[in-house]
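Subject: Structure handover

Hello,

Please find the structure below, with the sequence. My notes on what was found in it follow.

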Amino acid sequence: MTISKLKVPFISFTSFTFIGLIVWWFRDIRYFALFSGIGMTEFLVRTFLVKFPQYRQKVRLIVQAVVGGFLLFYLSLTIGVNFQFPQIIFDTTEGIVTGALIQTVVARLFLPFVLGNAFCSRACWTGLFFELTNTKSSKKVYQRNNYLAWGYLIAISVAAVIVVNKLVNPATDEAVRKAFIIGENLYIITIGFVLTFFVGSRAYCRLLCPFLTISGLFSPWSYFKVRTTQHDECTSCMKCNKICPMYVDIHSYVKENKAINHRQCILCERCVSACSNNVIKVDSNRNKKIVG
Ligand code: SF4
Ligand code: SF4
Ligand code: SF4
């Protein structure tokens, strides 16, 4: 195994460990253990996949289930840390820092410069639910509309401000916070599941999710992204386009010998696994043409 093949595992590990050190400074050492643990897992998994790429999707889904399951069942439902977007408003009005704000800073403002929107394909439990239940059942595919996405983000922020001012702040009431955690997760899963049948796979992720709206601002500058390695080997079989849950037109990037700089690519690597000609892979690149 060459050193260059370990570039992705090594930078993943150091990025997460660095994040852990920063969050430790703001909170406590458990966060360092959490993030450096994720970094070590990513390192081991990616090193394993260099040798056994055929297990890429199975291993990724296992990692997503373990990390997402830990965040949901332990940190969220047991300890009461809310990772959903409105909690940022709830917390900041009280001047406290918890899960949603940490997730936004770490996974939406920092990580996108290293691993794009990879949180969505490695750690998000709602993303895992959509991935396991979604089908490309819709005949008509709606692409993300920035006005709708930002309008949704602003609308739920305003709704959160109203809750704080007129009702109660879930940041200060544990019972209310747990009710919000359950309610918000059920809401997202339900509308995501229903929307999928009308507007295509991962509908909530592609069209509405405020976290992707934010990280998509920066993900085109990701150090690692899906890159075309040998575009003249492409047979235009279109398997990559058919498998992509975010409806990225991968083939057009390949034909132009460009890296995939799409704002909604979640780095799931389904396209990489689907391409039997090894035309694409995750690697570092500096291609800056942005689409989406
Ligand atoms: S887009 Fe939102 S809901 Fe979908 S995987 Fe990413 S964070 Fe989770
Ligand atoms: S799957 Fe590979 S060979 Fe087929 S269109 Fe995509 S990049 Fe080309
Ligand atoms: S372009 Fe590839 S890595 Fe990105 S979302 Fe689509 S299938 Fe996943």
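To start with one of the ligand shells: helix H13 (239-243) and helix H14 (250-255) each give at least two residues to the shell around ligand 2. H14 contributes the most, with three residues. Helices here are DSSP runs of H or I of at least four residues, strands are runs of E of at least two, and both are numbered from the N terminus. A residue counts as near a molecule if its C-beta atom, placed from the backbone, lies within 6 Å of it.

Some conventions before the rest. This is a predicted model, in which local features need pLDDT of at least 70 and side-chain atom pairs count only at pLDDT 80 or more, while totals for chains, interfaces and linings use all residues. Residues are numbered from 1 along each chain as its sequence is written, and chains are lettered from A and ligands numbered from 1 in the order in which they are written.

Ligand shells

The shell around ligand 2 has 15 residues, and the closest are Cys234, Cys237, Cys240, Cys275 and Val279. By class they are ten nonpolar, four polar and one charged. In this scheme Ala, Val, Leu, Ile, Met, Phe, Trp, Tyr, Cys and Pro are nonpolar, Asp, Glu, Lys and Arg are charged, and the others, Gly among them, are polar.

Ligand 3 has 14 residues around it, of which Cys244, Cys265, Cys268, Arg270 and Cys271 come nearest. Its shell divides into twelve nonpolar, no polar and two charged residues.

Around ligand 1 are Cys120, Cys124, Thr126, Gly127, Tyr204, Cys205, Cys209, Phe211 and Leu212. Two or more of these residues come from each of helix H8 (125-133), helix H11 (203-208) and helix H12 (210-218). Seven residues of the shell around ligand 1 are nonpolar, two are polar and none is charged.

Which residues of H8 are buried? They are Trp125, Thr126, Gly127, Leu128, Phe130 and Glu131. Buried means that 20 or more other C-beta atoms lie within 10 Å of the residue's own; 12 or fewer means exposed, anything in between is partly exposed, and C-beta atoms are placed from the backbone. The cover over the buried residues of H8 includes helix H3 (56-76), helix H7 (119-122), helix H10 (174-199) and H11.

In H12, the buried residues are Pro210, Phe211, Leu212, Thr213, Ser215 and Gly216. They pack against H5, helix H6 (112-115), H7, helix H9 (146-166) and H11. Contact between two residues means that their C-beta atoms, placed from the backbone, lie within 7 Å.

The axes of H12 and helix H5 (residues 99-110) come within 7 Å and cross at roughly 40°. Axes are lines fitted to C-alpha atoms, for helices over the stretch in contact, with angles from 0 to 180 degrees between N-to-C directions. H5 and H12 are therefore oblique to each other; angles under 35 degrees count as roughly parallel, over 145 as roughly antiparallel, 65 to 115 as roughly perpendicular, and the rest as oblique. On the H5 side the contact is made by Thr104, Ala107, Arg108 and Leu109, and on the H12 side by Phe211, Ile214, Ser215 and Phe218. These residues divide into five nonpolar, two polar and one charged.

Single residues

Ile88 is in helix H4 (residues 86-94) and is buried, with 23 other C-beta atoms within 10 Å. Not counting residues up to four places away in sequence, Ile88 touches Ala100, Leu101 and Thr104. Ile88 and Phe218 are 130 residues apart in sequence and 20 Å apart in space, C-alpha to C-alpha.

Most residues other than glycine have a negative phi. Arg202, in the loop between H10 and H11, has a positive phi of about 50°. Arg202 counts as buried, because it has 27 C-beta neighbours inside 10 Å. Glu269 has a positive phi of about 70° and lies in the loop between H14 and helix H15 (270-274). With 20 C-beta neighbours inside 10 Å, Glu269 also counts as buried.

The chain as a whole

The protein chain has 15 helices and two strands. Its radius of gyration is 19 Å, close to the 19 Å that the globule rule gives for 292 residues, so the chain is as compact as a globular protein of that length. The radius is taken over C-alpha atoms, and the rule is 2.2 Å times the number of residues to the power 0.38. Buried residues make up 39% of the 292 residues.

Regards
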